[in-house]
Amino acid sequence: MKKSVLGVGALIAVAAVSCSKKDSTDLVPVEALEVAIVNVSAQKDVAQEDTLMFKVKAAKGSTFAWAVDGKDAIVTDSVLKFVTTDLGEHKITVTATLNGQKSSSQETINVYGKYKFGTFVLNEGNMTTENGTLTFISPKGVVTDSAYFKANGTQLGNVAQDLFISSNKMYIISQNGKKNAVGASFENDGMLIVANAETLKKEAAYNDEVKTLSWPTHVAVLNEQNVIIRDNNGLSRFNTATKVLTLIKGSRGAAKMTMAVSNNKIFVAAGTKVFVVEADKDTISYALDMKASVSGVVRANDGNIWVSTTGTPSKISKVNFRDYSLIKANEITTGSLSAGFGATPGITAKGDTLYFSGAGTKIYRHVFSLNTTEFMVDAKTMVENAGIVYNNIAVHPVTGEVYLNTIKGYGLNYLINNISVFNFSGDAALSANYKDYTNFPAGTFFTWSFN
């Protein structure tokens, strides 16, 4: 629906005729000049660099002058295309002139950061030759490659592994920081980087402060004093204010896998257990024994926790986040819940619906409340060069579409790759496919998942 804003001007203009003997009934009304701005897309909020189009509605023959934030926009046409990189509130004004009359209309819009809403694919890069990178896909499907570099002119750390968004800050962890696994030095911003989540502008970077970490792979955040990092030693709590890194007792064995955050607690896969970490505590709060190998820990939309386990039988369980009791467990006999060799969960969930692929190209859907599982698609039938699945599938928390990252193979074939987006609302369909943007993708992250 198009939205119009009526201009501010005189409602009635009155002119007197020349004969003074005539009474008020002989005054001739002159129509006031009315002007309105039509916000073509009806958007009050827009991302940096996106364009909004405004049209003016006024009497025929009017001339126009546009202004943005009180400054002449140097536009006299009936259409204004507005685009800016400046965040915050902006006022769009148009003044129409006709036969000596002037009238104005104003529209207020808000500009937010380019990266506030969308999908990120974090790339490890080639361990021996390059740093990590960040690929961004906007809600309109526009891809920004090397987004962090474009925002800062500097690089992510070597072998970027995981990211987390909290309080409008993005935390990015890399395995090697400024020195790769064979000792070569790299020019980059370090092992743990904190950036503005809307603009990706770097706010802080830590390398020496966290140098005692052994190949860190994952990060989850409760607040600035409780940045939880998983490495070969277990879990550590990093305070970004004091720059103190503290190993959390009892956390050895924490798996190389994405952590889930719910209700100010962090849930971590650890062999057959799920560790629970709380703020300001230097010891794990609880170790839930699932009695089978945990392949995924994911937050449910009601705050409870999905846990996938492999074995005979494999299961998807729902766990109460308050007392860690089992709400319900469903056996999975079709497909595989394995997380494979990657560092992302073997399951992904939107509402009551979960997807899994066993780190392969065959995607399955499980509706938990119905305890039904069905095969959806083999990506190889729709995606060219889908040779190797690199880390697991992820479901978009708003659209319900499923994202799959594949590479053609190793060697230089990793440069031939796909970010494939599947729509399963009806028959399986490939709704988008972005080619050759990844460099060993560590995972797919949706900004909405961190709300």
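Predicted model: local features only at pLDDT ≥ 70, side-chain atom pairs only at ≥ 80, totals over all residues.
R237 stands opposite T246 in strand β22. Residues are numbered from 1 along each chain as its sequence is written, and side-chain values use heavy atoms, with hydrogens and water left out.

**The sheet around β21 and β22**
- Four strands form an open sheet in the order β19-β20-β21-β22, with antiparallel pairing (two strands pair if DSSP finds at least two bridges between them).
- At the edges lie β19 (218-223) and β22 (244-247), each pairing on one side only.
- From one strand to the next, the twist averages 25 degrees (axes are lines fitted to C-alpha atoms, and angles run from 0 to 180 degrees between N-to-C directions).

**The whole chain**
- The protein chain holds one helix and 40 strands; these are DSSP runs numbered from the N terminus, with helices (H or I) of at least four residues and strands (E) of at least two.
- Its C-alpha trace spans about 105 × 50 × 45 Å along the principal axes.

**Burial and contacts**
- Of the 451 residues in the protein chain, 51% are buried (under 20% relative accessible area, with a 1.4 Å probe and protein chains only).
- Among contacts (heavy atoms within 4.5 Å) between residues at least 6 apart in sequence, 50% join residues at least 24 apart.

How values were computed: Buried < 20%, exposed > 50% of the residue type's maximum accessible area, 1.4 Å probe, protein only.
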